[in-house]
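Here is a short tour of one protein model. Keep the sequence and the 3D view side by side as you read.

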Amino acid sequence: MEMRRVSILGSTGSIGESALDVVRAAGGRLGVAALAAGSNWRRLAAQAREFRPQLVTAADDAAARELGRELAGTGIRVAAGASGLEQVATHAAADVVLSAIVGAAGILPTLAAARAGKTIALANKESLVAAGGVITAAVRDAGGLLLPVDSEHNALFQLLSGRDRSEVRRLVLTASGGPSFRRPGGLDDVTPEDALRHPSWSMGAKVSIDSATLMNKGLEVIEAHWLFGVPLERIAVVIHPQSIVHGAIEMTDGALLAHLSPPDMRIPIAAALYHPQRETLPWQHLDLATLDRLEFFPPDHARFPALELAYAAFARGGTAPAVLNAANEVAVQAFLDRRLRFTAITEVVADVLAHGTVDAASPDIDTIMAADAAAREAATAVIRGMQAPRRG
Ligand code: NAD
Ligand code: MG
């Protein structure tokens, strides 16, 4: 196999670092074309020295200046901001673009990669939630390819490939249930520390909180719709605390085909980066005989209302999923900053969806980004209102 070069959007994050681990283990079969990250220029500089990309980019000019000083004399080009992200997303040397920035900041770079006809290994689910119609159309028009990295979707992608879709009745996504799944009583006093302590996966802060509220699964159901073209009523969610079964497809004859692996993101990342090949990986394999138990439960919608909120936003269509996503990002940040109770995260999202305006079907990218910005303002106002001392 010739060397395949990867551009990584979000290289200093949990997914980005796991992807670089996959590159390290590739023995020259994978290389790095370009790297993009936010403000952690020290980590980015260290990655650049190790992997020798042609281009690195940081979120702002200040970080890019530091990066430039660190990398002086290496011949590695340094860029910044939105233009830098676009250059990394469309870099001529990249055979695959790993989209692994967290949140709506990933939308425009992912769209740029799609418009450039790139093969996209997609971790940034938020871009499909907010702009799934625009991005999938761009991938189609430019002749690119969208490969899911999200573990459940990568599992479904593997289960579905080469299969006659008329034989598939339903897609099943598993959810760990998060750290509060077995917690007795109400969830009002769940702290950021509680919510960040994920039982089976080690992930970035935002997706960890989304897992704890179950919003992550709501976003993933919408993501699955855009990836596989399946209507939401045929996408089911089941709680599975061990995170060993990642996805399953229910066949028309009553058979259920499931995908199992250790909860290690390097496995789906490698599956996407090497696609359509499957390479030998040095990490832990699954031994069924040593698995203690695999449990499955229906989701508890009363305790975790975020999942149904996501289904409802998708049913409303237009910019509603973009509004859901943006309001959730603001609320999750407020929770992490201790300005918001755990259960209020979903209340804020519901409030913004109920009172904000939602644009009609098939919005273009400018309409989506405007809806994202308006929803952030609305969510900020709702949170401020919740904090205001009650008067008379
Ligand atoms: P993370 O917070 O660990 O990393 C985010 C990365 O994005 C960092 O490199 C950060 O510097 C960069 N970034 C953030 N804002 C940026 C901006 N404005 N411009 C440029 N770079 C920016 O997040 P993560 O856990 O790696 O998750 C990344 C994406 O992958 C998310 O969409 C998440 O939902 C998805 N995902 C993650 C996991 C996981 O196991 N971590 C699993 C499935 C899907
Ligand atoms: Mg997932």
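Which residues does Val129 touch, not counting residues up to four places away in sequence? Val129 touches Leu219, Ile222, Pro321, Ala322 and Asn325; contact means heavy atoms within 4.5 Å.

## About the model

This is a predicted model, where local features need pLDDT of at least 70, side-chain atom pairs count only at pLDDT 80 or more, and totals for chains, interfaces and linings use all residues. Residues are numbered from 1 along each chain as its sequence is written, chains are lettered from A and ligands numbered from 1 in the order in which they are written, and side-chain values use heavy atoms, with hydrogens and water left out.

## Val129

Val129 sits in helix H6 (residues 125–142). Helices (H or I, at least four residues) and strands (E, at least two) are DSSP runs, numbered from the N terminus.

Val129 is buried, at a relative accessible area of 3%. Buried means under 20% relative accessible area, exposed over 50%, partly exposed in between (1.4 Å probe, protein chains only). Val129 and Ala310 are 181 residues apart in sequence, yet 9.6 Å apart in space, C-alpha to C-alpha.

## The magnesium ion

Three protein residues supply donors to the magnesium ion (ligand 2): Asp150 (OD), Glu152 (OE) and Glu220 (OE), at 2.1 to 2.2 Å. Donors are N, O and S atoms within 2.8 Å of the metal (3.2 Å for Na, K and Ca); water is not among the atoms, so sites may look incomplete. Along the chain, the donors follow the spacing D-x1-E-x67-E. Asp150 and Glu152 are buried.

## Thr174

Thr174 belongs to strand S8 (residues 168–175). Thr174 is buried, with a relative accessible area of 6%. Leaving aside neighbours within four places in sequence, its contacts include Glu152 and Lys217.
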